[in-house]
Amino acid sequence: MAEYRTVARTEDIGEGQARVFEVEGKLIAIFCHGGQYYAVDDVCPHMGASLAEGSVEDGVVTCSWHGWRFRLADGTWVNNPRLKIGCYPVRIVGNEIQVQVS
């Protein structure tokens with residue numbers, strides 16, 4: 001059964017920021033956007049760039065290398081919804097950001 005893992009504190013990732021953490025052997029990018037925290041695979045499937053280094057607008061992260069865009073809410077590739085990256089549940093407990101990776 002998947003468990004939530006504490007990856008950071010809320011003060012570690014401010015609004016508009018992202019950081020990368022290794023969780024259960026996966027590189028996960030945690031974004032703070034619009035007062036919410038989101039967790040998606042950090043590695044862009046196109047060429048392996050870090051999505052945490054991309055820009056976020058309207059809930060979509062754009063890869064800094066070649067412009068591939070993914071929705072933070074569900075990991076869907078904006079240009080072709082059949083392709084998705086991993087997207088993980090996030091919860092806040094006190095000031096801890098916790099991610100569930102199965």
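## A bridge between β3 and β4

Ile-28 has Asp-41 of β4 as its bridge partner. This pair comes from a predicted model. The two strands involved are β3, residues 26-33, and β4, residues 36-41. They run antiparallel and are joined by 6 bridges.

β3 and β4 make a hairpin, with 2 residues between the strands. Gly-34 sits in the turn and has a positive phi of about 60 degrees. β4 also pairs with β8, residues 87-88. That pairing is antiparallel too and spans 2 bridges. Within it, Ala-39 stands opposite Tyr-88 of β8.

## Overall fold

The protein chain holds 10 strands and 0 helices. Its pattern along the sequence is β-β-β-β-β-β-β-β-β-β. The radius of gyration is 13 Å, close to the 13 Å that the globule rule gives for 102 residues, so the chain is as compact as a globular protein of that length. Along the principal axes, the C-alpha atoms fill a box of roughly 35 × 30 × 20 Å.

Residues 24 or more positions apart account for 38% of them.

## Burial, surface and charge

How much of the chain is buried? Buried residues make up 35% of the 102 residues.

The side chains include 9 positive and 13 negative ones. The centres of these two sets lie 7 Å apart.

Most residues other than glycine have a negative phi.

Is Asp-58 buried or exposed? With a relative accessible area of 70%, Asp-58 is exposed.

Val-43 belongs to the loop between β4 and β5, where β5 covers residues 55-57. Its relative accessibility is 40%, so Val-43 counts as partly exposed.

Which residues does Val-43 contact, leaving aside neighbours within four places in sequence? They are Leu-27, Gly-48 and Ala-49. Ile-28, the bridge partner of Asp-41, is 15 residues from Val-43 along the chain. The C-alpha atoms of Val-43 and Ile-28 are separated by 8.1 Å.

## The segment before β1

Ala-2 lies in the segment ahead of β1, residues 4-9. At 23% relative accessibility, Ala-2 counts as partly exposed. The buried class would need a value under 20%.

Not counting residues up to four places away in sequence, Ala-2 touches Gln-100, Val-101 and Ser-102. Glu-22 is 20 residues from Ala-2 in sequence. In space, their C-alpha atoms are 16 Å apart.

Conventions. Residues numbered from 1 in each chain as written. Predicted model: local features only at pLDDT ≥ 70, side-chain atom pairs only at ≥ 80, totals over all residues. Heavy atoms only, no water. Helix = DSSP H or I, 4+ residues; strand = E, 2+ residues; numbered from the N terminus. Rg over C-alpha atoms; globule rule 2.2 N^0.38 Å. Buried < 20%, exposed > 50% of the residue type's maximum accessible area, 1.4 Å probe, protein only. Contact = heavy atoms within 4.5 Å. Lys, Arg positive; Asp, Glu negative; His and termini not counted. Charge placed at Lys NZ, Arg CZ, Asp CG, Glu CD. Pairing = 2+ DSSP bridges.
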